Amino acid sequence: MTASAATIAQPTHDAGAEPLIRVHGLGKHYGALEVFRNIDFDVGAREIVAIVGPSGCGKTTLLRCIDGLLPHDVGEILVGDQRVIDPIPGVAMVFQHFGLFPWKTVSENVAYGLRMAGASKADIARKVPIFVKMVGLAGFENAFPYQMSGGMQQRCGLARALAVEPSVLLMDEPFAAVDAQTREILQFELLRIWQERPTAMIFVTHSIEEAVLLGHRVIVLKGRPSGVHEIIEIDLPEPRNRDTLRLARFAELRERVWATLMREAREAEFVLER
Amino acid sequence: MLNNAIRRHAPFWLSILVGIAIWEIAGRSTSQAFMVPFSTTMLELFRLVTSGEFIRQFLDSSQLFLTGFCVALAIGMPLGMLLARVPALRIGVEPYLMLLYATPLVALIPFILSMMGFGFAPKVLVVFLFSVFPVIYNTVEGARSIKPEMIEVARSFRSSEWALWRDVMVPYTLPYTMTGVRQAIGRALVGMIAAEFFLSSTGLGQLIMTASQNFDTAGVFASVLVIALIGVGLMRLGTAIEKHFARWRQ
């Protein structure tokens, strides 16, 4: 038995239960350019779904549609029983370039989402330190973004999203703008935090390793316009941690995603050559 | 420590002393009708200040300057942000702004005089026109340079339009507006003197005009010196304000 059933009382994903996010037949154009079509997938309430695909395949556009930042043309997105047209409560996004407000301190940035959600002053004062501490920024409450490294800035971005206690976290290549070492540290931090507070999560990334390490399922987007090419079940034991990287099954799954993507990359090259 | 401070500031004070010396010598070796020496200027300034005449005119000018400048800020800043947020409005309004910014505004004074006559309001309008354009211009440039990602963050967290202005647009744009404010200070001072020259004569402008008409060169020099010093002081204040609002920028 290689699956997670052997571990008891560990947080596990519940892909079998009623999904929280449902994406049905989603399609999107930018003018004459069709970005993607017929996207179908679900995400469970305690499931991490990673989306990988070649550059320009519309992963980020898809995520922005799911956040309600961009309108979609065809199909529908449901979070719980709410249709997404505009940003809805309970969904928070972590941005690739952090999206921190440079004139706000760490605490003020973390408080931003709460303030926009109309939280009381007392509530904000109580919650902000909890999330600042959770992401490991205790002691930097009054630092401005320009005083911090990229890794610390993204910790702040993560705390801002977590602070609104969302049921859905949307991650837009959140670790793409930090160096490799920091990226690894942040991946395990994210796993630790998710195990503490599991949510539905869609994690868009360029990194196959990151997708396999974090995702319970990996969605490979393909083609032009892109569509869901393959959904790969990642049956690695929970909880995921540094040891996960050493498992033979991890290498196997990584190879499998890699092979799928490389086939795509070659096809894409072919298209360009013709 | 003290030695360092002296070494740093010595060239400045030395240069000031040399300047005063040249002024003094030049003033003593030419006709008093063209130029008066530094010492005479200072004596005249002292007389003007102690007679109360100077303070009265100074307050008069300050009132004009502050009113015009505050109106320019109160209109320029929100207008600039609105123009940045509503592209169609900006495209429509920009040619007129550019036209007015490029016009030597002194040329408009006769027109303002015939439209509004003498009094306080037309003078405020002149100061306003001199100072409003750098404020608008810099505010628009600033507000337009907001990274789209920041607007996205605000939208993603379900910010209202009002909260977007309060939490994102205004704090982001303020340093740019302050650059405009610094540029506007110098222009507002020119506008103030021009208004006092060409419209109803009051304030420091009147002091210069009257002294000049009476061939009172010392009076002219004293007033010009004070205006120049006020200008320098205001510019430095502007730079300090600009720095204060930009402290989060690297």
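**A tour of chains B and A**

Select chain B: of its 250 residues, 35% count as buried (20 or more other C-beta atoms within 10 Å of a residue's own, with C-beta atoms placed from the backbone). This is a predicted model, in which local features need pLDDT of at least 70, side-chain atom pairs count only at pLDDT 80 or more, and totals for chains, interfaces and linings use all residues. Residues are numbered from 1 along each chain as its sequence is written, while chains are lettered from A and ligands numbered from 1 in the order in which they are written.

Stay on chain B and switch to cartoon. Ten helices and zero strands make up its secondary structure (DSSP runs of H or I, at least four residues, for helices, and of E, at least two, for strands). Its C-alpha atoms fill a box of roughly 70 × 60 × 30 Å along the principal axes.

Next, colour chain A by pLDDT (the predictor's confidence in each residue, from 0 to 100). The mean for chain A is 87, and 90% of its residues reach 70 or more. Select residues 248-273 of chain A, helix H7, where confidence is lowest at a mean of 76; then strand S8 of chain A, residues 200-204, where it is highest at 95.

Finally, select domain 1 of chain A (16-90 + 168-177 + 200-246) and domain 2 (96-165), with bounds from an automatic or database domain assignment. Eight residues from domain 1 of chain A and six residues from domain 2 of chain A form the contact (C-beta atoms, placed from the backbone, within 7 Å). The centres of these two domains, taken over C-alpha atoms, are 25 Å apart.

Key: Buried ≥ 20, exposed ≤ 12 C-beta atoms within 10 Å, placed from the backbone. Contact = placed C-beta atoms within 7 Å.
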